[in-house]
Amino acid sequence: MDFVILSLVMLAIGIYGLLTNRQLLKVFISVELIATAATLNFVMLAVDQGLGQAMLILAFATDTAVSGVILALLVIVSKRYGTSDIGKIAKLMQSNEDDEVESS
Amino acid sequence: MMLQEFSAWFVWVLPLIASLFVPVIGRYTEKGRNYFVVAVAIVSAALAISLIPDVWGKHEAVIYTIPWLSGFGGEGLSAGVFIDPLSVLFTVLISFFALIIAIYSIGYMKGESGLTRYYYLILLFIGSMIGLVLADNMLQMFIFWEMVGLCSYALISFWYKKPESIRAGVKVFIMTRIGDIALLAAIGLLFLMFGTLSFRGIINGIIAGGFNETYMIAVAFLVLGGAIAKSAQLPLFTWLYSAMEAPTSVSALLHAATMVKAGIYLLSRVILIFSVAPALISVLNEALWFPTIIWVGTLTALVGASLALHTTDIKGVLAYSTVSQIGFMMAGLGAAAMQGWFGSLYHMISHAFFEGLGFLIAGGLIHAVGTRDMRLMGGLRNAMPLSFILMGIMVITTSGLPPFASFFSKGLIITSVTESGGVFPSIILIATTGITFAYCFRMFSLVFMGEESGYLKLQRVHESPTIMLIPAAILAGFCIYWGVGEPAVANFLGVTIFGGDALGIIYEAFFNIETPIFLTLLLPIGIIAYYSYFKRYNGIRNIAAGKNPLSTMLKHAFFFDYTYDRVAKGITGFSIALTRVENALFARLPDEGAAKISRAAQPGHAITLKKGFSGSFRNYVAAAVLGFILIVVLIILTFGIGLGGA
Amino acid sequence: MSLPILLSVFLIPSISIPFVYLTGKKSPKSAAIFVAAIALVCIGLLLSTVPQILNSDLHRYEETWAWIPTVLSGDAQFAQFSLFIDGISASVALISLVLIFVASLYSINYMAGKKHLPVYYALLSMLTVGLIGVFLTSNLILFYFCWELMLVPAYFIVGEWGYRNSYKSALKLFIFTHAGAVFVLLGIGALYWLTGSTDMFIAQSSLQNLPAIYADTIKWTMIALTAGLAVKMAVFPVHMWLPDAHSEAPAPMSALLSGVIISAGAYAIIRLSFGVVFPAVSVDFATMFLHGLAVIAIVTAFFGSLLSLVATDIKRVIAYSSIAHMGYIMFGLSLFPVALAQGGSLALIAPAAIAIVGTVLHIVTHAASKGLFFLTAGGVMHQTEKRDIREMGGLASKMPFSAVSGTIAALSISGAPPFACFISEFLIFVGAFQIIQADSFYIIPTALMLIATVFSLAYSLRFVSKVFLGQSKEEVGVEEPPNGHDAHAPDAPAAEEAHGHKIVDVPNWMKASLAILVVLVVIIGIYPTFFMDLIQSVTFGVTG
């Protein structure tokens, strides 16, 4: 039961982080925190279920692979736009798109 | 027998299939297309006539079916044809008129564009209308009922570049749709009661008895609703005047001779079905169904006639005249007696002849003069002598002067209404007959008598082409001689009146007490009206221009259209308000609400982006949080309750 | 073991996704034809199962394949690839595949010149997989998997190739239906917890044998399931995603969204809520639940019809009409024979099931008609480069083919014979009267729904009049009208005929797809027996 509370706390931290942070990496960490919270929750509830734990190992593995890809993408994006602030990046993306549209 | 089955199917299947060929033929040759349509009409009429001998005077119907819909909660529904004197009567009438109009259209619609569409729709209409009257089950009849409405819409909006035509078509379709849903409800109830929709099945079910009488009464009134809408009776009659936007040949075919009679067909068929159980008839009478029909018919007749007297549009006179005459037919049906039933049907045929004739001549007039306004016409008897004569025949026939056909039919209707106990209705009907004479004569005088108006002197008015006059002449001939056809028709329908001698009708009509009253009232009323409208023009003009309630009522067509317009506008206004509510509530609220939440979560950092979507991404995350909390609550509820009980 | 027909139907589109992408890189047209061919193959395969559906005892055709085995708990059925097809699945699946076929042909012309087309066609294949999975499976896990799978191509197609604010509309679509799917997952989880099985048929029979203490849980499961599935169906009040998504999607996607994807919601309600859970609830709750559905249905139908009546954007008119028709379908669903609750006897209710026959048939006919409607509107938008119907008019002379197909679509939507939607609406209403005898609550809803059909005629005729009839604005010389009440009215594409182009009718591939749908609409309207046989084999045999 305690683990459920732990998961909930991790979830809350993750959501708060998602809403408030503006740095790319911090947002990513928040998302990972949420995913880990969910995985932890399920693992603890599925203690005597072989299938459950097997599935979760699979989920973990997939998660890790996806994290790698996302990190790579984040590095590219921050290098391209020269900033890690998602507000500024969105603005720059938007104006890029507008430029593209206008020139087409 | 083989021939009968073949004819009964092909008399309507042929036009339906042939209509698909019209665009193909029309691509290559215009004349060929026109003649093709006429040829199909001829074949159809021939097939229809071939059905007559086999059903003469029979009471039992002959039915042929083919399997169609399976299952349906039982053995399924078959498509079929129901051949009895009533359906054959209508079939012959429809195919005959189809032929007349096909010939007339060659002249009338000459030079118009979009004729391929016109002829396609005409053939489609003919097939659907005949299919309607020959259907052997309610679903098939309903399908054709709606298809006829669809053809009506398409033909009224024929000149689709004119906004008035479009508006008229929409108005007509929607008003008749209201009646259609009543009919649909009736069909649903019938299926509930009897488990079948075929006429034969329903008849057997009624004979067997044991059905719920409340439902039956509901069915009766709903059917009446459907008939009211389709046949332009009170309160859903204003569409017929709007339908005059159609080309006049269409007005003649659809809105005088055939489509508006669909309601009469429906009612007479239904009454015929009900009459297999006399107990049912008395139940319905107690529930005031028949008296309602009489009153609807009577009031419609009166309203129609008075509006015909008031209007200055020549097609309006004919439209309101149709409304009025169908009112007579309804009254006859409501008399709940064989005499009234027959009188109504006979009047239907006579009306088709004289009203059709009126429209054909009106079409020629409109072509020649270029306007529908009767005040701009006058003195045309010199320029268009043949039309003058033919219209004169129409006027005399409409007014119901003996020995023309409508005299007998109106007499029968009034007699049966009186006998069924309605004194007031028959008084109103007799008065309406007088008004009928008045408006006919008024129309005739305004158009043909008197001097040529200034407007006309500027036109070069010539007589209608022969190809348009020939169909009119044929109809005129029928108008004159149809009176003698009455006994034959009665025999055909298997109607026995006064103990079995159909010939007795003519004598009874003459020597009935109504006749002298009829004649003596007719002439004075008619003459008064004539003098008021023609000679003492100024007197009535002052009253008509004045602000008295009668003229206001007449000018606004008794405010029916006004009410309908307001209702329609109200609905549209409500919908627009609803759109605003929907935008404010459902579109913006989630966005902005979620935006507020995410902005509150990050004080001081808000950069609002106009089009960016990462900004709104946060909004949706905030919304997701709310959703998550909701889900948690639900989980607790579900499992909590379950576990609490476990 | 029989031929793996259903498995092939599932696998062929799945395997083809990368191949479609590769073909698309060479030529988008070949990719489109590839997708169309796949759809055709699937149709053929499904048709081959029809004889067995109609004639076998159980009236369905089943295949089961191992998927994810479990070792420890000995529960070997957790996630099986159980595929089955019965009359209802077959009808809905067939019409969906037809729509995909038509949409891909249509896309040849409509999407020509747009970017990233190979991905588009690959996404269409993915959508096919999702759809077939939803329609053809009896395993709840596979069902959920495919249900969510459908969202991915929907999101991307609407976002990438859509119109104004397309990603926003796509996101709305995704979030709403995903949130709904969470409720569905809850329901499925609850079912597993209650019955220990994830197969629909086993769950159905186990549920009925549960002790009475679980009655509340079963109730809430039903509500959760239906609510989640109803979001996909876009009834009031969870309809908010539909107007934006359907209007801003490219026309072939709009047709698929409106015709197929929201039908999947209706199908799922029949299959899951009514098929699995309904026989286990108490009659009282069932009655209350159905009455609730009826009320929602009426509100939805009127809401959709009225909003469609005054909408000014051509695709929004049709989108609101879709909401209205989902109201009709929900009304049909609310006419489910209550006698089936609590494991009632089926034999007595044969005529009462007419409404269900009508509802499923309406799913089919609505898909065909709405597909035709959206594709015609897309054609009009494509040729005239305008979206506001106040700027259109008189197109009948310039685009006669589209005018005919648009009129047929509009009339079918309004329920006019001899077109398809008439017969299905007729069956729903006849069925309604059957139910009225048993439960007089339905008198007012039926009357109101009948009145709603008048409104649907009104907006259909308005569409035809404003778009095709009348005089074109050039002829009349009217300037661009002021911004109207359509709050999502855009920075509209300028109405000036600055392009100076002549408006001609749609190109040939688009014409072909419209023609196919027109023929289908007319034929189903005149002779619906094929679909009716399929559907009735279920309702008069075993329901669910």
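Predicted model: local features only at pLDDT ≥ 70, side-chain atom pairs only at ≥ 80, totals over all residues.
**Chain B as a whole**

Let's start with chain B, which is built from 28 helices and 2 strands. The chain has 646 residues, and 59% of them count as buried. What about the surface that is left? The accessible surface of chain B is about 24400 Å², and carbon and sulfur atoms account for 69% of that area. Contacts across the sequence are worth a look too. If you take the contacts in chain B between residues at least 6 apart in sequence, 80% of them join residues at least 24 apart.

**The nonpolar cores**

Next, the inside. The largest nonpolar core holds 423 residues. Which of them touch the most other members? They are Leu132(B), Leu139(B), Ile206(B), Phe274(B), Trp289(B), Leu380(B) and Leu136(C).

Ser165(B) sits in helix 7 of chain B, which covers residues 163-194. Is Ser165(B) buried or exposed? Its relative accessible area is 0%, so Ser165(B) counts as buried. Setting aside neighbours within four places in sequence, the contacts of Ser165(B) are Ile156(B), Ser157(B), Trp159(B) and Glu245(B).

Over in chain C, Thr49(C) is part of helix 2, residues 28-55. Thr49(C) is buried as well, with 1% relative accessibility. Again leaving out neighbours within four places in sequence, Thr49(C) is in contact with Ile5(C), Tyr61(C) and Ile85(C).

**Salt bridges**

Side chains of opposite charge can pair when their charged atoms come close. Over all chains, the structure has 13 salt bridges.

| Salt bridge | N to O distance |
|---|---|
| Arg316(C) and Asp244(C) | 2.7 Å |
| Glu248(C) and Arg387(C) | 3.6 Å |
| Asp388(C) and Arg390(C) | 2.7 Å |

Take the salt bridge between Arg316(C) and Asp244(C). Arg316(C) is in helix 13 (residues 314-334) and Asp244(C) is in helix 10 (residues 241-248), so this pair ties together parts of chain C that are 72 residues apart in sequence. Both Arg316(C) and Asp244(C) are buried. They also belong to a network of salt bridges that links Lys172(C), Asp244(C) and Arg316(C).

Now for the salt bridge between Glu248(C) and Arg387(C). Glu248(C) lies in helix 10 of chain C, while Arg387(C) lies in the loop between helix 14 (354-384) and helix 15 (395-398), so the parts tied together here are 139 residues apart in sequence. Glu248(C) is buried, at 3% relative accessible area, and Arg387(C) counts as buried at 8%.

As for Asp388(C), which pairs with Arg390(C), its relative accessible area is 16%, and that makes it buried too.

Cys440(B) is buried, with a relative accessible area of 1%. In chain C, Cys146(C) is in no disulfide either, and the nearest cysteine sulfur, from Cys42(C), is 13 Å away. Cys146(C) is buried, at 0% relative accessibility.

Leu11(C), Ile15(C), Phe19(C), Tyr21(C), Leu22(C) and Val119(C) make a nonpolar surface patch of about 520 Å². Which helix gives the largest share of the patch? Helix 1 of chain C (residues 5-26) does, with 5 residues. Val119(C) belongs to helix 4 of chain C, residues 117-136. With a relative accessible area of 34%, Val119(C) is partly exposed.

Technical notes:
Residues numbered from 1 in each chain as written. Chains lettered and ligands numbered in written order. Heavy atoms only, no water. Buried < 20%, exposed > 50% of the residue type's maximum accessible area, 1.4 Å probe, protein only. Disulfide = S-S within 2.5 Å. Core = buried A, V, L, I, M, F, W, Y, C linked by side-chain atoms within 4.5 Å. Helix = DSSP H or I, 4+ residues; strand = E, 2+ residues; numbered from the N terminus. Contact = heavy atoms within 4.5 Å. Patch = residues over 30% accessible without salt bridge, like charges linked within 9 Å, V, L, I, M, F, W, Y side chains within 5 Å. Areas by Shrake-Rupley, 256 points an atom, 1.4 Å probe, with all protein chains shown as cover. Salt bridge = Lys/Arg side-chain N within 4 Å of Asp/Glu carboxyl O.
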